[in-house]
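Please keep the structure open as you read.

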Amino acid sequence: KYRVAALKLAVPYLSPDLEAQLGKVLGTPAANADAKTDIINWMGDYKVVSQLDAILANVDADNDELALASIKAAGRIGGDKSLDVLVAALGGKHSDAAQSALVSFHGNINDKVIALLDQSDEKRVAALPVVVARRITSVADKVLTLTASPNEDVKKAAYKALAGVVTRDYF
């Protein structure tokens, strides 16, 4: 509670030195997971790009709150590194959070998400809601093909996705 207030009060003093000091805390294994989570949330809120590597290093943290905060911050900060990490997180333990981050991601994610439709069934199932939310209509044929998948989860996700990717022009 006090830590979050202190971080908010530090905003007017935001500088590369402050960012670096906070980044060091993220890289310290002995640091409290709650403290790291608060710092990462703050960095995401203020788009502290300089510490992106430190944030991304916590995406696979054992502590769920820390991992979720890292995913959310990566989505807010953006960039190619964040995109790669978020795409890799799809289909994993925190797939829902990665989906949310990708749906609101600033920038073009189409190629990376479309590529997931040719990967494992877990990746396909995780990518289809992102395809729909981002209105990536260029994959209508691929989604239609996935409705014939032998995997029931892929088939259900593909049928659900059809309404979001097929446009009048498709017919």
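## Overall fold

Read from one end of the sequence to the other, the protein chain runs α-α-α-α-α-α-α-α-α-α-α. That amounts to eleven helices and zero strands. Please bear in mind that this is a predicted model.

The C-alpha trace spans about 55 × 30 × 25 Å along its principal axes. The protein chain has 171 residues, and 43% of them count as buried. Among contacts with a separation of 6 or more, 60% join residues 24 or more positions apart.

## Helix α5 beside α3

Two packed helices are described by the angle between their axes and the distance between the axes. Helix α3 covers residues 33-45, and it packs on α5 at an angle of about 15°, with the two axes 8 Å apart. That angle makes α3 roughly parallel to α5. Their crossing is left-handed.

On the α3 side, the residues in contact are Ala33, Lys36, Thr37, Ile40, Asn41, Met43, Gly44 and Asp45, and on the α5 side they are Glu65, Leu66, Ala69, Ser70, Ala73, Arg76 and Ile77. Sorted by class, this contact of α3 with α5 holds seven nonpolar, four polar and four charged residues.

## Helix α5 beside α7

Helix α5 also packs with α7, at an angle of about 15° and with the axes 8 Å apart. The angle makes α5 roughly parallel to α7. Here the crossing is right-handed. Leu68, Ile71 and Gly75 from α5 meet Ala97, Ala98 and Ala101 from α7. Five residues of this contact of α5 with α7 are nonpolar, one is polar and none is charged.

## A closer look at Gly75

Leaving aside residues up to four places away in sequence, Gly75 touches Leu86, Ala101 and Phe105. Leu86 is eleven residues from Gly75 in sequence, and their C-alpha atoms are 7.6 Å apart.

## The buried face of α6

Leu86 is also one of the buried residues of α6, together with Ser82, Leu83, Val87 and Ala89. Seen down the axis of α6, these buried residues fall within an arc of 155°, so they line one face of the helix. An α-helix has 3.6 residues a turn, so residues three or four places apart point the same way.

The other side of α6 carries exposed Asp80 and Ala88. The buried residues of α6 are covered by elements including α4 (52-56), α5, α7, α8 (110-116) and α9. After α6 comes Gly91, with a positive phi near 85°.

## The buried face of α7

Which residues of α7 are buried? In this helix, residues 95-103, they are Ser95, Ala98, Gln99, Ala101 and Leu102. Viewed down the axis of α7, they fall within an arc of 165°, so they line one face of the helix. These buried residues pack against α5 (64-77), α6 (80-89) and α9 (121-133).

Ala101 links several of these views: Ala101 is buried in α7, belongs to the contact of α5 with α7, and is touched by Gly75.

Definitions and conventions. Residues numbered from 1 in each chain as written. Predicted model: local features only at pLDDT ≥ 70, side-chain atom pairs only at ≥ 80, totals over all residues. Heavy atoms only, no water. Buried < 20%, exposed > 50% of the residue type's maximum accessible area, 1.4 Å probe, protein only. Helix = DSSP H or I, 4+ residues; strand = E, 2+ residues; numbered from the N terminus. Arc of directions from axis to C-beta. Contact = heavy atoms within 4.5 Å. Axes fitted to C-alpha atoms, helices over the stretch in contact; angles between N-to-C directions. Parallel < 35°, antiparallel > 145°, perpendicular 65-115°, else oblique. Left-handed = near helix turned anticlockwise from the far one by under 90°. Nonpolar A, V, L, I, M, F, W, Y, C, P; charged D, E, K, R; others polar.
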